[in-house]
Amino acid sequence: RLSVRAETPVLTILKVFLADQQPAIFVIENIPVPLIRESFDDAELSRPIFEFLDNRCHALVDHIVSEIIPCLAQGEPARLLKTETGQAMLNFIEVFYSQSSEPLAVATVYFREPSIRFHAFRKMSYQT
């Protein structure tokens, strides 16, 4: 997804977001190390990935392509989100792209049910 060679080092950032003081979202962000142009402080890694890409990689995110996958909680996501193994979850795999469609980062996001819910709005357009 990052269009880099297998041996390319990748910076991996783990984040857990809370809702009502309970873990609700677990995120694994991956950025190819060759994209990082400036040194950084570990505290910066808790900030939004957009800021890190802009400030330390000199790259602006133009668009994100998300794949939405239903899954069952297991392993690290289940442990960090404090949910039972086998509990229904949603998993987003998001690729962040530059304006020239270069992949900048990949985020794997797990959403704990029922803390996070998504809704879709679809507008119909008819030609007369």
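This is a predicted model: local features need pLDDT of at least 70, side-chain atom pairs count only at pLDDT 80 or more; totals for chains, interfaces and linings use all residues.
Residues are numbered from 1 along each chain as its sequence is written, and side-chain values use heavy atoms, with hydrogens and water left out.

**Exercise 1.** Find how many helices and strands the protein has, and their pattern along the sequence.

*Solution.* Start with the term: helices (H or I, at least four residues) and strands (E, at least two) are DSSP runs, numbered from the N terminus. Count them: 2 helices and 5 strands. Now read along the sequence: β-β-α-β-α-β-β.

**Exercise 2.** Work out the strand order in the sheet and name the edge strands.

*Solution.* Two strands pair if DSSP finds at least two bridges between them. The 5 strands form an open sheet, in the order S1-S2-S5-S4-S3, with antiparallel pairing. The edges are S1 (10–19) and S3 (63–72), and each pairs on one side only.

**Exercise 3.** Which residue in S5 is the bridge partner of Phe-96?

*Solution.* Take S4 (residues 88–97) and S5 (residues 103–112): they pair in the antiparallel sense over 9 bridges. Then look up the partner of Phe-96 in S5: Ala-105.

**Exercise 4.** What percentage of the residues is buried?

*Solution.* Buried means under 20% relative accessible area (1.4 Å probe, protein chains only). The protein has 128 residues, and buried residues make up 38% of them.

Notes: Buried means under 20% relative accessible area, exposed over 50%, partly exposed in between (1.4 Å probe, protein chains only).
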